[in-house]
Amino acid sequence: KHLNLKDPSLLRDQAYINGEWVSCTASFEVNNPSTLAILGTVPNLDASHTEAAIKAAQVAFPLWAAKTGKERAMLMRKWFDLMIENADDLAAIMTAEQGKPLAEAKGEVIYGASFIEWFAEEAKRVSGDVMASTWSDKRMVVLKQPIGVCASITPWNFPIAMITRKVAPAVAAGCSIVIKPAEQTPLSALAMAELAHRAGIPAGIINIVTADSEQSIAVGKVLCDSPVVRHLSFTGSTPVGRILMRQSAQTVKKLALELGGHAPFIVFEDADLDAAVEGALQSKFRNSGQTCVCTNRFYAHESIYDAFVEKLSAGAKKIRVGDGFGAGINQGPMIDAQAVAKVEEHVADALNQGASLQAGGKLLEAGKLFYEPTVLSNVTPGMLIMNEETFGPVAAVVKFNTEEEVIAAANNTDFGLASYFYSRDIGRVWRVAEKLEYGMVGINTGLISNEVAPFGGVKQSGLGREGSKYGMDEYLEMKYLCMGGI
Ligand code: ADP
């Protein structure tokens with residue numbers, strides 16, 4: 001209502017199952033984290049709705065799988081085009097429910113849409129294989145077929161991209177999918193469903209089950225318990241990932257998990273310091289520090305430590321925090337009070353243990369969710385911020401001395417998603433890149449994600465890769481044919 005959308009019909013207040021908009025007596029509110037105003041309500045669906053969505057996906061699957069890759073690609077291309085045409089409205093809906101600055105939201109719409117474009121193209125390139133047979137009278141062939149009905153549980157930090165990164169390869173491969181979007185950001189998911197519907201993606205192929213935080217547990221249980229659902233993809237916290245993995249054991253589901261991170265960002269003495277500061281600001285403060293690839297620990301060499309801290313603090317102080325719709329705003333609010341509480345806990349703990357506050361350190365305005373871009377120096381390994389994911393705009397900077405020491409420190413964690421380092425020494429670049437135990441390494445850059453790259457982590461940061469030419473394999477099964485009597 002208050003959003004001034006060019007196309008107000010993108011704002012849906014019903015869930016989307018089997019190509020239809022679904023209501024239910026129970027509903028929950030969606031809030032704007034900047035103003036704390038209620039944006040609207042969406043249905044709080046339960047186990048029976050989830051069963052219905054799985055059934056719809058099961059019925060729709062064989063027809064979709066039987067289409068050619070090119071046929072699926074053409075419908076996906078339409079969906080992509082509609083997302084680009086409606087990018088301003090999608091961005092406005094996202095900023096309203098998630099808080100990120102409008103320009104950043106628009107960037108996410110484009111980024112999110114890029115997965116649909118990419119996997120639409122890849123849909124045409126699913127090829128099998130012919131092995132050199134060891135039998136003269138037999139031939140050995142591998143087919144690739146869609147895995148079946150998929151489910152996906154997504155977070156609020158990238159309300160569109162975390163959905164498209166999963167849905168696009170699934171539907172391109174010929175699968176159908178049931179999505180449970182984050183309770184904080186269902187409106188972006190529903191707007192995407194509206195566009196998929198307009199693009200002509202058939203009923204039952206994409207289903208959106210909305211649920212609040214409590215009911216999401218029940219919905220998740222049904223998705224995990226269902227023998228029909230053959231694949232579950234999840235982006236979110238490591239503890240919830242473990243729950244879903246445990247719950248999926250009963251039906252031996254294939255899992256794609258993008259879990260927490262604790263990214264190190266190392267600035268060596270030979271780095272281009274200004275470039276490192278720029279990359280540091282991007283990797284730390286984007287989305288108010290609420291991304292799983294955001295830096296959590298900065299390591300600066302002792303010879304450039306003071307200069308790095310000073311420049312980083314100066315940069316942090318220039319960031320303008322406020323309502324994402326405001327002109328010139330480059331950092332929005334945190335998602336909720338719980339997120340703020342975690343940041344406050346990490347900052348208080350660091351200061352208690354001897355860290356120094358170089359910038360920020362508090363809420364901009366009491367009672368609201370805007371947290372100042374914060375820089376802490378003299379950070380030491382025992383502090384909470386060095387061990388737990390902060391998911392907020394706090395840069396903790398540690399001093400190091402040798403390359404060996406900093407690599408060991410960087411790897412001393414159960415997480416292994418993104419890592420970053422700055423160096424101009426080619427030998428060091430290779431050495432360090434090979435030794436970092438992470439799924440992704442940004443070298444002389446703080447921004448690494450796009451649809452062409454395999455996104456994912458090692459250790460307890462998850463399983464599988466999303467995006468890239470590898471991303472579709474997740475949703476395909478191999479079938480080996482051994483043909484005798486030749
Ligand atoms: P975040 O801290 O980013 O909210 P979570 O891992 O708690 O991360 O949530 C990510 C997604 O997982 C959300 O869609 C949320 O509703 C869902 N979720 C949380 N707990 C469960 C659960 N026990 N079962 C299924 N889904 C869950």
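## Reading a helix pair and its fold

Visitor: What angle do helix 1 and helix 7 pack at, and how far apart are their axes?

Guide: Axes are lines fitted to C-alpha atoms, for helices over the stretch in contact, and angles run from 0 to 180 degrees between N-to-C directions. Here helix 1 (residues 47-66) packs on helix 7 (residues 213-225) at about 35°, with axes 9 Å apart. This is a predicted model: local features need pLDDT of at least 70, side-chain atom pairs count only at pLDDT 80 or more, and totals for chains, interfaces and linings use all residues. Residues are numbered from 1 along each chain as its sequence is written.

Visitor: Which residues meet there?

Guide: Two residues are in contact if their C-beta atoms, placed from the backbone, lie within 7 Å. On helix 1 that gives Ala47, Thr50 and Glu51, meeting Ala218, Val219, Val222 and Leu223 of helix 7.

Visitor: How many helices and strands does the chain have?

Guide: Helices (H or I, at least four residues) and strands (E, at least two) are DSSP runs, numbered from the N terminus. This chain has 13 helices and 20 strands.

Visitor: How much of the chain is buried?

Guide: Call a residue buried if 20 or more other C-beta atoms, placed from the backbone, lie within 10 Å of its own. Of the 486 residues, 53% are buried.

Visitor: And what does the C-alpha trace span?

Guide: Roughly, about 70 × 65 × 40 Å along the principal axes. For contacts with a separation of 6 or more, 73% join residues 24 or more positions apart.

Terms used. Buried ≥ 20, exposed ≤ 12 C-beta atoms within 10 Å, placed from the backbone.
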